[in-house]
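Me: I am new to this structure and would like to know what stands behind the words used to describe it. Could you take me through it, setting each value against its definition?

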Amino acid sequence: MLDTLAVSKEKILERARVLAPNFAARAATAEEARQIPSESIRDMLDAGFARILLPTQRGGYGLGFDTWFDVTRELSKADASHGWCAGLIIHHAHLIAQYSEAAQNTLWSETIDIPVAASFAPSTQVTPVDGGYRISGKGSPFASGVDHSTWLMLGGMTQKPQPEWKLFLVSARDCKIIDTWHTAGMRGTGSKTVVTDNVFVPDSMVLSLAELRDGKTPGGALYSNVIFHTPFFYYAPISFASPMLGAVQGAYEYFRDWTKTRKGPDGSAIAAKTPVQIQMARAAADIDAAELLLRRAVHVTDTPEAYSPDLLARSVRDFARVSEMTVSAIDALIALSGTAGYATSHPIQRAWRDIHFMSMHISVNTEMNFTHYGRMQLGLGRDVNRPWF
């Protein structure tokens, strides 16, 4: 039975560490099935991951973004797909707490331990009707973990009085899942496409991206914790940069332990070779630097009085730089692994594929994030065509 009283960060991290070996053992199964095993999802919910960021008034643990980051990172050391989906269970529960109180009551009428999937891209067609909207869409893509989710957040644009990006909360029973997830990396996330057909969504189940962006949501007004008043793009990329960091940390640890006993074709110790030592050191330094940058961004809520456009620009810059550094480090590690590292059973090649795939996510896009930082530094202001900053 889950705790009904407060749970510390240390306790929830210990639960993650206990689960990590099981998730590592299921990584190949998840890849083959192209979705997280149902027993892993149950393990995540039983461990209370959906409660990490939820307010204590709702039965949550009332913890901070740093716990979300460290749980995701720890699990991603074992398998990036498991870590990614666990991180989204944590993240999406936090977003549900920012919808209206009526929406929260609907979703959590029986339990708060539910997985929620999302497809934020505004691809759903939206028609306003009395009391809400009707939505239809032939392709809301990249809904990670959708096979196990009971509710979904789907992005769409309303047009009046002006175009506005909104997130529509719908029951999985009202959606159809199309299996489009045939990828080279992050196969275990099962990030399939969602189709809706004339589904009614009441006004109470709709949240605007602008409200999230500004940290002024209907649900946020119910809770005092700063994480419900933090502008969205200070923290949203944690979901995607954290599994990248965890995956490369896990790959480094595996490489280090494996290389201690590796032998070259001539029988010499790989560990004794100076070039290997040098390249390992460089990769390790980049991984450590990436963690320092990411932890700084995660802890931005420690000083909410410092929120500013320039601080946001620095944070999104750092999320993108973390992505670059993890890609560089995993490239170095697989190059040092030789042909053995490319065996389908080898965890380093999986981490290599997964990290490169994750680096394509829009939230860690270097051109977009670096451009925004440069514009702010040079006094040009944000690009009005990018409403998320």
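Reply: Let us begin with Q57, which lies in the loop between α3 (38-46) and α4 (65-78); helices (H or I, at least four residues) and strands (E, at least two) are DSSP runs, numbered from the N terminus. This is a predicted model, in which local features need pLDDT of at least 70 and side-chain atom pairs count only at pLDDT 80 or more, while totals for chains, interfaces and linings use all residues. Residues are numbered from 1 along each chain as its sequence is written, and side-chain values use heavy atoms, with hydrogens and water left out.

Me: What makes T193 buried?

Reply: T193, which lies in strand β6 (residues 192-202), has a relative accessible area of 9%, and because this value falls under the limit for buried residues, T193 is given that name. Leaving aside neighbours within four places in sequence, T193 is in contact with several residues, among them K138, P141, I178 and T180.

Me: What joins the side chains of T193 and T180?

Reply: A polar contact of 2.7 Å joins the two side chains of T193 and T180. The term stands for a pair of N or O atoms within 3.5 Å, where, within protein, one must be able to donate a hydrogen and the other to accept it, and where residues adjacent in sequence count only if both atoms are side-chain atoms.

Me: Why is strand β4 described as largely enclosed by the rest of the structure?

Reply: Strand β4 (residues 164-171) has eight residues, and six of them are buried, so the strand is largely enclosed.

Me: How do you know that β4 pairs with strand β3?

Reply: Two strands pair if DSSP finds at least two bridges between them. Strand β3 (residues 151-158) and β4 have eight bridges in the antiparallel sense, so they count as paired by that rule. A hairpin of five residues joins β3 to β4, and K166 in β4 is the bridge partner of G156. On another side of the pattern, K166 has S208 in β7 as a bridge partner, and β4 and strand β7 (residues 206-208) pair in the antiparallel sense over three bridges.

Me: In which sense does β1 pair with β3, and in which with β2?

Reply: β1 and β3 pair in the parallel sense over five bridges, with A118 opposite M153 in β3. β1 and β2, by contrast, pair in the antiparallel sense over five bridges, with V129 opposite G132 in β2. The hairpin of β1 and β2 has two residues between the strands, and there G131 takes a positive phi near 85 degrees.

Me: What is the volume of the largest cavity, and what makes it a cavity?

Reply: The largest cavity has a volume of about 80 Å³, and the count of cavities of 30 Å³ or more comes to one. On a 1 Å grid over the protein atoms alone, a cavity is a set of points where a 1.4 Å probe fits but cannot get out, whereas a pocket is an open set with protein on both sides within 12 Å along at least five of seven lines; lining residues have an atom within 4 Å of a point. Grid points are joined across faces, edges and corners, and a volume is the space filled by probe spheres set on the points. The lining of the largest cavity includes C85, H92 and H148, and α5 gives the most to it, with four residues.

Me: What is the volume of the largest pocket, and how many residues line it?

Reply: The largest pocket has a volume of about 890 Å³, and of the 33 residues that line it, the closest to its centre are F120, F240, H361, I362 and S363. By class the lining has 24 nonpolar, nine polar and no charged residues, where Ala, Val, Leu, Ile, Met, Phe, Trp, Tyr, Cys and Pro count as nonpolar, Asp, Glu, Lys and Arg as charged, and the others, Gly among them, as polar.

Notes: Buried < 20%, exposed > 50% of the residue type's maximum accessible area, 1.4 Å probe, protein only. Contact = heavy atoms within 4.5 Å.
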